[in-house]
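Please keep the sequence and the structure at hand while reading.

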Amino acid sequence: MGFSLSTESVVSIDSFSREDLQNLIDLAKEFKEKDRKGERYSVDLRDKVLVHAFFEPSTRTRLSFERAMKELGGDVFGFDDPGKTSLKKGESLLMTIKMLEAYHANALVMRHPKAGSVQRVADICNIPVINAGDGPNEHPTQAFLDLFTLNEIHPGIDGIHIGFVGDLKYGRTVRSNIVALPKFDDVVIHWAAHDAFAMPDDLVKLAEDRGIKIFRCDSVDDVLKESEVCYTTRPQKERVVGRYDIAEIAKMVENYKITIDLIRRANPDVRIMHPLPIDTNTEEIEDAVTFSDNQYYLAQAENGIFVRKALLFALLGGIEHRVFEPYVNSALSESNGNLELYRRSGRRKKDGRIIADIEDGFVIDHITLGEGSDLAKELEIDKYRLHILAGLDSTSYDRKEVIKLSNVLGEKDIRRVVLISPEATFSIVSGGKVVYKFRALLCENEACITQDVLEGVPRNFFYDGHEIRCRYCKSPIEPKVKHEGELKRYVKSLPAFE
Ligand code: NCD
């Protein structure tokens, strides 16, 4: 027993090679076999401590990690109700997590509503960080246990025909599974969902680009006919708050339920998997299925213990006594999200068309028309000597608003501006000349941790060879620039994701 993973933290399933996944599955199998022989407990992780930080509800993930750690002789502490921590007093995610690390944790398992939050924490921690679900983004350890379960149903996984039904848009377990499955050969996927919960195009494209045959079906019936195993998920209603109410959601998913009649008609041998919980409001799987031989989700849930034992053993098995390192790497507080723009040389003429009465200060230009006063409110006029100038754009002759400040805007306020007015440009003016002009790029994914102004996660991007992506939630962005050269220069300055 024993192997090392090619990654220290578990943020995305994509960092795992097929070999890693195979090793994990094999080790989890050993743990399951031992369990069945009565060898449940060991002292493999004696003196090791796992801390959990759950900012969202959890039954299976948190408790199976706890069981796994304890069965391996380790210890567990942490919180699952952020309302009872000093986050309530305004403490940041960064400081909260550094505290858990300071209290002698050897690894952290974290669930959080914001996409990219776990990448952020992995960046600032000196211990392995395990993603137990970051908003609608990923849930890699659920995907490990799903793969382990698929491997029980279809040994080797290669050539499996799998169906996906339910909420394929916001379900993070689905995303992690779709990223993981192309690591196996000849996988065929059939899926069905209401348009509001359809598999996002980028995910379908990713699967196709990586060699999966993937088909959308009109009905659950068709999915069941084509699949040995059907993976069902509940509508993630917490991700669509304010967009749909429960009654609307229930109506939308009505035609995508798994019922025992449907199974009997379409495919009596199909195995039904579900990451759980099943929602009693929407009943994406009817109760009768739970009492049938098609039900595989309870075995799937227990497999979580074996897979998490394997993962914890792989991450912590070889680690000796770890002493808290009380520094935070300052490089990780730096942002690379300012896209420098070309600027005109020399002083502009005061010809009535342009706004030229700016001598020294910080200028926000290209504000979405009409947003100037909202911005001014957001930035608290008293804090900066703020001045809204109205005039005509020098090139388009359109009316425009420009905000002039006597001092440079802080990072949090830059972010506030961009959230209201994404195309705004920022200029530092000295002696009437623009000395630095930039567009502040911010990830456009509303669920991304970088959109949380107070958390202050740096605006960081990488280039994957095709697209500029947010370092944290990995969403692509397409900055608009006037001159192609500006974008080229910016892309050249970006790192590849390591
Ligand atoms: C899932 C989750 O939290 O993403 N649950 C789990 O971890 N087993 C699925 C869900 O909540 O629908």
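In which loop does Lys474 lie? Lys474 lies in the loop between strand E17 (468–470) and strand E18 (476–477), where strands are DSSP runs of E with at least two residues, helices are runs of H or I with at least four residues, and both are numbered from the N terminus. The model is a predicted one, in which local features need pLDDT of at least 70 and side-chain atom pairs count only at pLDDT 80 or more, while totals for chains, interfaces and linings use all residues. Residues are numbered from 1 along each chain as its sequence is written, and side-chain values use heavy atoms, with hydrogens and water left out.

## Backbone features

Phi of Lys474 is near 70°, a positive value in a residue other than glycine, and Lys474 is partly exposed, with a relative accessible area of 21%. The word buried stands for under 20% relative accessible area, exposed for over 50%, and partly exposed for what falls in between, computed with a 1.4 Å probe and protein chains only. Glu283 also has a positive phi, near 45°; this residue is found in the loop between E9 and H11 and counts as partly exposed at 33% relative accessibility. Most residues other than glycine have a negative phi, and most peptide bonds are trans. The bond that joins Leu276 and Pro277 is a cis peptide bond, with omega about 10°, and Pro277 is found in the loop between strand E9 (271–273) and helix H11 (287–290).

## The ligand site

Which residues surround the ligand? The ligand is surrounded by Thr61, Arg111, His139, Gln142, Arg172, Thr173, Arg234, Gln236, Pro275, Leu276 and Pro277, a residue being near a molecule if one of its heavy atoms lies within 4 Å of it. This shell divides into 3 nonpolar, 5 polar and 3 charged residues; here Ala, Val, Leu, Ile, Met, Phe, Trp, Tyr, Cys and Pro count as nonpolar, Asp, Glu, Lys and Arg as charged, and the others, Gly among them, as polar.

| Ligand atom | Protein atom | Distance |
|---|---|---|
| nitrogen | N or O, side chain of Gln142 | 3.1 Å |
| oxygen | N or O, side chain of Arg234 | 2.7 Å |
| nitrogen | backbone N or O of Leu276 | 3.0 Å |

On its own the ligand has 320 Å² of accessible area, of which the protein covers 94%; accessible areas come from the Shrake-Rupley method with a 1.4 Å probe, and for residues only the protein chains shown count as cover.

Arg234 has its place in the loop between strand E8 (229–232) and helix H9 (246–253) and counts as buried at 14% relative accessibility. A polar contact of 2.8 Å joins the side chains of Arg234 and Glu238. Not counting residues up to four places away in sequence, Arg234 touches Asp167, His274, Pro277, Asp279 and Glu284, contact meaning heavy atoms within 4.5 Å.

Thr232 lies in strand E8 and counts as buried, at 0% relative accessibility. Its contacts, leaving aside neighbours within four places in sequence, include Val165, Ile258, His274, Pro275 and Glu284.

## Helices and the whole chain

In helix H14 (residues 411–420), the buried residues include Asp413, Ile414, Val417 and Val418. The buried residues of H14 pack against strand E11 (361–365), helix H13 (372–378), strand E14 (425–430) and strand E15 (433–440). Gly485 lies in helix H15 (residues 484–493) and is partly exposed, with a relative accessible area of 26%. The C-alpha atoms of Gly485 and Leu341 are separated by 9.2 Å, although these residues are 144 residues apart along the chain.

The protein has 15 helices and 18 strands, and 53% of its 498 residues count as buried. Among contacts with a separation of 6 or more, 74% are between residues 24 or more positions apart. The protein exposes about 22900 Å², of which carbon and sulfur atoms supply 48%.

Note on methods: Polar contact = N/O pair within 3.5 Å; in protein donor to acceptor, adjacent residues only side chain to side chain.
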